[in-house]
Amino acid sequence: MDTINKQEQSDILVVDKLVKHFPVRSGLFQRVSAWVQAVDKVSFAVKKGETLGMVGESGCGKTTVGRTLLRLVEPTSGNVSFEGRDILKMGPNELKPLRRDMQIIFQDPYASLNPRMPIGESVMEGLQIHKIGHPKERMEIAVNMLKKVGLEDYHARRYPHEFSGGQRQRIGIARALALNPKFIVCDEPVSALDVSIQSQVLNILKDLQSEFGLTYLFIAHNLSVVEHISDRVAVMYLGKMVELTDRDSLYRDPLHPYTKALLSAIPVPHPNVERERTILKGDVPSPLNPPKGCRFHTRCPIAVDKCSQEEPEFKEIKPGHWVACWKA
């Protein structure tokens, strides 16, 4: 993706040919017998102040991309630049201050919270690590963040098990905001919540983005949720990015057959209107041994011989509309 190298001033994050392969070990000596190709040469940029949605089936590599950007998972190769600084070349001393600017909201807030720690202490834990303020100031910041997400000051003294799923997700958002970051990876932050609670959390995220000028990478399965919150949308399949464009173009005129199949699965909220479904045959191939050529060709309804032999280039078909497909 050559244009990624021409970084625009408004790009806060630039990812170029990001690769993450996980080793599979077997035998008595636990030697590496294969590699799981979780993310394979993924390139994209995120503009300052926008929300980039990332969608795809389970196991396509969305979460791995988000965690690798923050170096919670070390990449195999590639380049990640945040505000012009190469994250992957940073040592621990350089990386620690950068953590203040790049945060994550985890998919399961209960698993990410210490059950023995009051949530006020959990929210201000980052402030302690980065030695920001004295204890009283830290607690004031933590309480203020809890109020920003719709909780009260007395909630700071309660423990995670005393909250509902929606409240715990709000706590996760407050914790991510405590260090006043510039960029937040939202890793399926509403997937485990009821629909009514989902809308509340999404509105909180949008309000906070406007107030603090935040930039989001929003990872999700639900295409309706992504349409509601995203400015642009990236579609991933089996470790590869297959389409990237603005929200309106993607939902109005998708170019990749996988994107078309995903969009055809969205229910139409009218009893007399039926959407023409595109039913994909077979299962997603194993990332241990992905198909040659286009990775989607084994399930693609319009595949030709070339699709199984050569991998399509991820290129710009229209202004701002990138796709990897021989038929696009």
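Predicted model: local features only at pLDDT ≥ 70, side-chain atom pairs only at ≥ 80, totals over all residues.
**Notebook: strands, turns and a helix pair**

I began with strand 10 and found that six of its seven residues are buried, so this strand is largely enclosed by the rest of the structure. Buried means under 20% relative accessible area, exposed over 50%, and partly exposed in between (1.4 Å probe, protein chains only). Strands (E, at least two residues) and helices (H or I, at least four) are DSSP runs, numbered from the N terminus.

Residues are numbered from 1 along each chain as its sequence is written, and side-chain values use heavy atoms, with hydrogens and water left out.

**Partners of strand 10**

Which strands pair with strand 10? I found strand 9 pairing with strand 10 in the antiparallel sense over six bridges; two strands pair if DSSP finds at least two bridges between them. I followed Val 235 across and reached its bridge partner, Glu 243 in strand 10. Strand 12 (residues 321–323) also pairs with strand 10, in the antiparallel sense and over two bridges. There I saw Leu 244 bridged to Trp 322 of strand 12.

**Two positive phi angles**

Next I looked at Leu 238, in the loop between strand 9 (232–237) and strand 10 (240–246). This hairpin has two residues between its strands, and Leu 238 takes a positive phi near 50° there, although Leu 238 is not a glycine. Is Leu 238 buried or exposed? I found Leu 238 buried, with a relative accessible area of 2%.

Glu 83 is not a glycine either, and its phi is positive at about 50°. I located Glu 83 in the loop between strand 4 (77–82) and strand 5 (85–86). Glu 83 counts as partly exposed, because its relative accessibility is 34%.

**Helix 7 and helix 8**

Last, I turned to helix 7 (residues 165–177) and helix 8 (residues 195–212), whose axes come within 10 Å and cross at roughly 15°. That makes helix 7 roughly parallel to helix 8, a label for angles under 35 degrees. On the helix 7 side, I listed Gly 166, Gln 169, Arg 170, Ile 173 and Leu 177 in the contact, which means heavy atoms within 4.5 Å. Helix 8 brings residues including Ile 197, Gln 200 and Leu 208.

Key:
Axes fitted to C-alpha atoms, helices over the stretch in contact; angles between N-to-C directions. Parallel < 35°, antiparallel > 145°, perpendicular 65-115°, else oblique.
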